[in-house]
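User: I'm new to this one and would like to learn how to read it. Could you walk me through a few features?

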Amino acid sequence: MEELRKGFHGEINDVRQRLATLAASVIEAIPRATNVLLASDLEGAEYLILTDDEIDARSLELEDRCYRLLALQAPVAGELRQLIAILKMIGEIERSADLTVNIAKAARRIYGHNLDPKLRGIISKMGDQAQQLFAAALEAFETDDVAKASALDDMDSFLDALQRQFIEAIFECNLAGTIDLQVAIQLAVVARFYERIGDHAVNIGERILYAVNGWRPELTGAARHKARLTGDDTDGIPLPEVGQGF
Amino acid sequence: MAFVLGAMVAAAAASLLGALVRGRRSRATVGSVVAAQEAPANAADTPSGPDYEVVLNALPLGVVLATADGTVIFRNRVAVSVVGLRHVDLLVDAAVDRLIRQTLDTGEAKTERLELFGPPPRVLIVSTVELVARFCLAVIEDISERSRIDSVRTDFVANISHELKTPVGALSLLAETLQGETDPAVIAQLSSQMIKEAHRMSDTIDDLLELSKIELDAPLRQNNIDLAALVREAVERHSRAAAANGVTIATEVSDSRFVVTGDRTQLLSAVSNLIDNAIKYSEPEDTVSVRLYREPGKIVIAVDDEGIGIPPADLDRIFERFYRVDKARGRGTGGTGLGLSIVRHIMANHGGEVNVASQEGEGSSFRLILPMQIGDNQ
């Protein structure tokens, strides 16, 4: 059977490709930010800030294209879910790029301070893990791989554990007098930035699930809420009518 | 060379384009395209040469052909996946697409250098040029290795200047100060500093000479070497320095015989260098472990420490001459910056290799790997 709405499908594919490239820019920015922090690379920090402006511009352009497609093509079902998911993913990616800039700015604030090797080691691991999470999210998106998208949450718990380990190491270093309080606070914030990048990757995974099968993470909470309202003691399971949109 | 290659790519791409435009992509061959240019009417009957697509696929460059509206109609094998890392490939594709559009808009050839972090880091040159009938050709060249060699060379010159000029400068200044000095206490202090700088200079020259001797690939003194005894001797040599730093050396050598043929002095120097580094970069109460063991077909001497570790970005470069992880040379660990370079050359001379794994804050693990020689290793 001949494909209907060929032009529209071509547009969706192009939007998907551009979103993948946007995510690729963030995957590239994460190790750059880590290097800026570990090598006190001020020039690299400047480069990241400039790159972020470009990512912002591309995000806006992509968002506008999605709105135009929604308005002019009246997509339904899977195509509508896909465009909605992409719109939300743009926000996750753009925010992650901002976080890499925040890391670079923190690096500028602690410029000239030597970091304890233990802290440097954990920063390096957090950077690697955040990049891997984002790369996995990109792969899941490009292949609509629901299993991989679901696995992102588990992968993220490793990054969360690293963040906790890092905070403990900061306290130890501060007690040992190898870093002062101001640097310790900046580093704690940096750890939070990495952790948030991981969370954004997990959110991308959830949007992939929504685009492919309509599942949304908020469904569980919404079902529990509805159960509470109706006095249902099944802990809200199953409640098929909630969230069954498109 | 790059220009000639570029011209050849452009010619091949133009010919392929001709064939594509005529709708004979699958039959676009050297013979047919040349014949097509000379006598288009008889092109199909000419003897076939290699397919142009095959020619372009054999190139180590990425080649992309696009139509006047920017639609890509051909990518060779390399251009499909330039690096093999999905996100890097996407960024390269985006750059190619952007340059193609710029070239089609302006009619001008464009070139852009892409420095991508990876990891591993990559440096690529993307060039675009307009072909006949407003088609556009993009060529992607991976110059990562060339760029790496350039930076090794530049850093080497800077580092060797630093290592040689610093002690000379210090000696000169100290001598000038000494010239007008009459206070015996100050004279003693200055001369002791001068002796220290002279020793530093002498160590660097000694290491440079040793390295050049090893690099010349001079015939090794071939002896049967009992590696267990050699490892114990190397550990013994450093036991005092280790104790002074509060570092424990744990040696693990099995009772089996580990015999290789080679130059005992060189191998002892390699193992000593690694133990020396491990002690220098450890903290008091840390343990340096030295192990000698067998793996299939090889004998391994492993030196592991719990020290400060090596940043990932420096791991590939620590075997370069005069390369320092601590660019400010702030740790004051001494050394000439040639030790690991010497180790690498010694291992190469013995048909072996040295490799390293490290995590900052957790420590480093160096492995000297020697090929097992049949017969004397039970």
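Analyst: Helix H7 (residues 184-215) of chain B packs against helix H11 (residues 339-349) of chain B at an angle of about 20 degrees, and their axes are 9 Å apart. The angle is under 35 degrees, so H7(B) counts as roughly parallel to H11(B).

User: Which residues of H7(B) meet H11(B)?

Analyst: From H7(B) come Asp207(B), Glu210(B), Leu211(B), Ile214(B) and Glu215(B). They meet Ser341(B), Ile342(B), His345(B), Ile346(B) and Asn349(B) of H11(B). Sorted by class, that contact has four nonpolar, three polar and three charged residues.

User: On to the sheet. How do I read the strands, and in what order do they lie in chain B?

Analyst: Strands of a sheet pair through backbone hydrogen bonds, either parallel or antiparallel. In chain B, five strands make an open sheet with antiparallel pairing, in the order S2-S1-S5-S4-S3. S2 and strand S3 (110-116) of chain B are at the edges with a single partner strand each, so one side of each has no neighbour in the sheet. From one strand to the next, the twist averages 20 degrees.

User: How many bridges join S3(B) to S4(B)?

Analyst: Seven bridges link S3(B) to strand S4 (residues 122-130) of chain B, and the two run antiparallel. To find one by eye, look for Leu116(B), whose bridge partner in S4(B) is Arg122(B).

User: And what about S1(B) and S2(B)?

Analyst: Strand S1 (residues 62-66) and strand S2 (residues 72-75), both of chain B, pair in the antiparallel sense over three bridges. Leu65(B) stands opposite Phe74(B) in S2(B). S1(B) and S2(B) form a hairpin with five residues between them, and Gly70(B) in the turn has a positive phi of about 90 degrees.

User: Last one: where in chain B does pLDDT stay under 50?

Analyst: Over residues 24-44 of chain B, for which the model has 36 contacts beyond four places in sequence. Where pLDDT is low, the predicted coordinates should not be read in detail. Chain B as a whole averages a pLDDT of 83, and 82% of the residues score at least 70. The model's scores are ipTM 0.84 and pTM 0.79.

Conventions
Residues numbered from 1 in each chain as written. Chains lettered and ligands numbered in written order. Predicted model: local features only at pLDDT ≥ 70, side-chain atom pairs only at ≥ 80, totals over all residues. Pairing = 2+ DSSP bridges. Helix = DSSP H or I, 4+ residues; strand = E, 2+ residues; numbered from the N terminus. Axes fitted to C-alpha atoms, helices over the stretch in contact; angles between N-to-C directions. Parallel < 35°, antiparallel > 145°, perpendicular 65-115°, else oblique. Contact = placed C-beta atoms within 7 Å. Nonpolar A, V, L, I, M, F, W, Y, C, P; charged D, E, K, R; others polar. pLDDT = per-residue confidence, 0-100.
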